[in-house]
Amino acid sequence: MEAFFESRSRSNWSYDTLKNFRQISPLVQSHLKRVYLTLCCALVASAFGAYLHILWNIGGYLTSFACFGTMIWLLSIPPYQEQRRVSLLMASAVFEGASVGPLIDLAIQIDPSVLVAAFVGTAIAFACFSGAAMLAKRREYLYLGGLLSSSVSMLLWLHLASFIFGGSAAFFMFEIYFGLLVFVGYMVVDTQDIIEKAHLGDLDYVKHALTLFTDFVAVFVRILIIMLKNSAEKSEKKKKRRD
């Protein structure tokens, strides 16, 4: 990640630089528009899923398995069955929203402004890091993919260890912060990977939107947990002062 920030600081940023997409062909630019439009639709579907949980309390292990199952089903269908794959993506997003619903419901009960701040913060981070990946040289950050994959494996082992042996609150927060760093990195790597694949002829916008959707949700959940923890600590401090 240091290389990312160092290379950005050495660049000559200007308004002309921000408008320079010459490295991205018109065909790839059109593909990216479809990817981000589909991503926005998936986020709306996910918000609807969270709303369904608030109404009927449907979120849990069942919706998580359903989300995973529809993702696998989507990836197993050939790209030419476009309408079917888009429908599966939206269904997967609804199940994902329902699965995250208990956390969102908790945030609404504690402080609704935290939920809004977490979403806005995630959206800003996504826009900034994806934009930086688009403006960077082709394949500049793809080498980070191996490091991030190893980090995800490490996260899985840490989660398994905490499940078996039990973990402290500090250990849990380490997982959250480390996971946040990893998935923010994936925002950059996946954006460049999508651009590179599009240049090579892979214009599967549904699969690419799914990739970015999982990155967005992973970052949003972690930012929301961090902000809820900070909000709870502030509330406890206020209570102690009153007492």
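Tutor: We shall take salt bridges, then a surface patch, then the record's annotations. Please keep in mind that this is a predicted model.

Student: How many salt bridges are counted here?

Tutor: A salt bridge requires a side-chain nitrogen of Lys or Arg within 4 Å of a carboxyl oxygen of Asp or Glu. By this rule there are 5. One of them joins Glu82 to Arg34, at 3.1 Å from N to O. Glu82 belongs to helix α5 (residues 82-110) and Arg34 to helix α3 (residues 26-56), so this pair ties together parts 48 residues apart in sequence.

Student: Which parts does the pair Asp204 and Arg85 tie together?

Tutor: The side chains of Asp204 and Arg85 meet in a salt bridge of 2.7 Å, N to O. Asp204 sits in the loop between α8 (169-199) and α9, while Arg85 is in helix α5, so the parts tied together are 119 residues apart in sequence.

Student: Are Asp204 and Arg85 buried or exposed?

Tutor: Buried means under 20% relative accessible area. Both Asp204 and Arg85 are buried. By contrast, Glu82 is partly exposed at 34%, as is Arg34 at 39%.

Student: Which residues form the positive surface patch?

Tutor: Lys234, Lys237, Lys238, Lys239, Lys240, Arg241 and Arg242 form it. Arg241 lies in helix α9 (residues 205-242) and is exposed, with a relative accessible area of 73%.

Student: Where does UniProt place the feature "transmembrane region"?

Tutor: The unreviewed UniProt entry lists several spans, including residues 114-135 and 209-232. In the model, residues 209-232 are 100% helix, with end C-alpha atoms 34 Å apart.

Key:
Residues are numbered from 1 along each chain as its sequence is written. This is a predicted model: local features need pLDDT of at least 70, side-chain atom pairs count only at pLDDT 80 or more; totals for chains, interfaces and linings use all residues. Side-chain values use heavy atoms; hydrogens and water are left out. Patches are made of residues with over 30% relative accessible area and no salt bridge: like charges are joined within 9 Å, nonpolar side chains (Val, Leu, Ile, Met, Phe, Trp, Tyr) within 5 Å. Accessible areas come from the Shrake-Rupley method with a 1.4 Å probe; for residues, only the protein chains shown count as cover. Lys and Arg count as positive and Asp and Glu as negative; His and the chain ends are not counted. The place of a charge is taken as NZ of Lys, CZ of Arg, CG of Asp or CD of Glu. Helices (H or I, at least four residues) and strands (E, at least two) are DSSP runs, numbered from the N terminus. Buried means under 20% relative accessible area, exposed over 50%, partly exposed in between (1.4 Å probe, protein chains only). UniProt positions are given in the numbering used here, feature names are shortened, and annotations may be inferred rather than shown by experiment.
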